[in-house]
Amino acid sequence: MTDLAETTDTTAPDGAVERRVFDAVDSLRDEMTAMLSQIISIPSVNPKYPGQNYDEVVGLEGRVSEILAEVYEDAGADVERWAVERGRTNAVGTIAGSGGGRSLILNGHVDVVPPGNTAKWESGDPFSGRIDDDRIWGRGASDMKAGLVAQAFAVKALQRAGVQLSGDLIIQAVVGEEVMDHECGVTSTLEHGYRADAAVVAEPSGPTALGVIPVTPGLLWFSVTVGGKATHSSMRGQTIRAGGGGASIGVNAIDKGMLVFQALQRLEEEWAFTKTHPLFSPGHFTIHPGVVTGGPHGVLVPFILSEYMTIEYCVWYPPQEDPANVKAEIEAQIEAIARTDGWLRENPPSVEWKLNWPANDPGPAADDIVSAVSRAHGRAAGSAPYAGPTTVAGFCAVEDCSFLTNAGVPAISYGPGDLRVAHADDEYCLVDEIHTAAKTFASLALDWCGSAS
């Protein structure tokens, strides 16, 4: 991670206008906090998330979008609502500029992941939206309803301060992000014609508090399955000891699967040196074994040698890497270990590639929006806990920026919250972060779009 060098701000908005806008954000602080609490209390879990009953969950994303749409309309936006799938409403508000300025998209997603084991939530109900002195609790607080609300109230503050922008400002609440269902969400907005000179997605910047995030890694999901040969477990000695019958009697798939596991673990260690990027911490790119299943077919008891073992992997690769090359490297490692084992030579592991979430790497096309967000944060933070030069860093995970950038809209992210509590028990977001982010989004609109008043 690198600190962005301080530069002379030659494009700062009119000071008096910006002060009016910041005062408006201050006056809206309590309303903004209450609104966030309200939408956290709506359990807008993505209905396609694994383990969900689609018919029971669908429609809650749309309820959040509708509430945000009302805020957009209150801010003077012309709002369009639509759903690719019934109940999964996207809401996009447009504040038309007077002309001559650059256009900007402010984007966020309304869906959240399930709360997990609710008994582990020491803060209470995962969808309580409870407000403490300095934070708001609940699933989606950081990821990313705080960012959505900060964007919405930034636009509302511009309207309250009587600002007329020169360029168009487009604000979006979309569904589907948590499972890369971009066809129902962000890609659908592009198909509806919503494009701009740049976009800022309000994903949580943390662990870099309110950092500017121009790049994300890519994400691959694959499984590797190793087969075995069943026999009574009392025959294990015959299958593994010298002088025994070996594979003619039986093969424990878990033993063979562990060879693949260890080989990929070694490759992951190599990646600490071979997979790097200047905006990511050393060792960030990994091959994560997230789910392991195995045993005899039809009955999971230890009295039979296992007939299969499957490992589900999540791969984080650098933004500059071609995913085809990453796949080839992983497959070569699996093939290499298989050649060292008699059983695996004859019965090679099966690899299934299930998902590729593309990295976001807009390159020089995003230089102007990175600088503009950095300047806006510097002006907005003032003497707040987040004062000083912002940090430019890589995003730890994946997000909708990829699909905007790939469609020709240079996209970066900036927002309140912390990925270390996203998807975790006792998720929360700090109120001061939300407040500062709202000021940043408002200041960014003044700077980027230009102000005619």
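A residue counts as buried when its relative accessible area is under 20%, as exposed when it is over 50%, and as partly exposed in between (1.4 Å probe, protein chains only). Keep that in mind for strand S13 (residues 391-394): Thr 391 and Ala 393 on one side and Val 392 and Gly 394 on the other are all buried, leaving both faces covered. In a regular strand, side chains alternate between the two faces of the sheet. Helices (H or I, at least four residues) and strands (E, at least two) are DSSP runs, numbered from the N terminus.

A word on the model: it is predicted, so to speak, with local features needing pLDDT of at least 70 and side-chain atom pairs counting only at pLDDT 80 or more, while totals for chains, interfaces and linings use all residues. Residues are numbered from 1 along each chain as its sequence is written, and side-chain values use heavy atoms, with hydrogens and water left out.

Back to S13: strand S8 (residues 212-215) runs parallel to it, joined by 2 bridges; DSSP has to find at least two for strands to pair. Val 215 sits opposite Gly 394.

Now the charges. There are 23 salt bridges, each a side-chain nitrogen of Lys or Arg within 4 Å of a carboxyl oxygen of Asp or Glu. One of them joins Glu 61 and Arg 88 at 2.7 Å, N to O. Glu 61 is in helix H4 (residues 60-74) and Arg 88 in the loop between strands S2 (78-83) and S3 (89-95), 27 residues apart. Glu 61 is buried at 1% relative accessibility, and Arg 88 is buried at 1% too.
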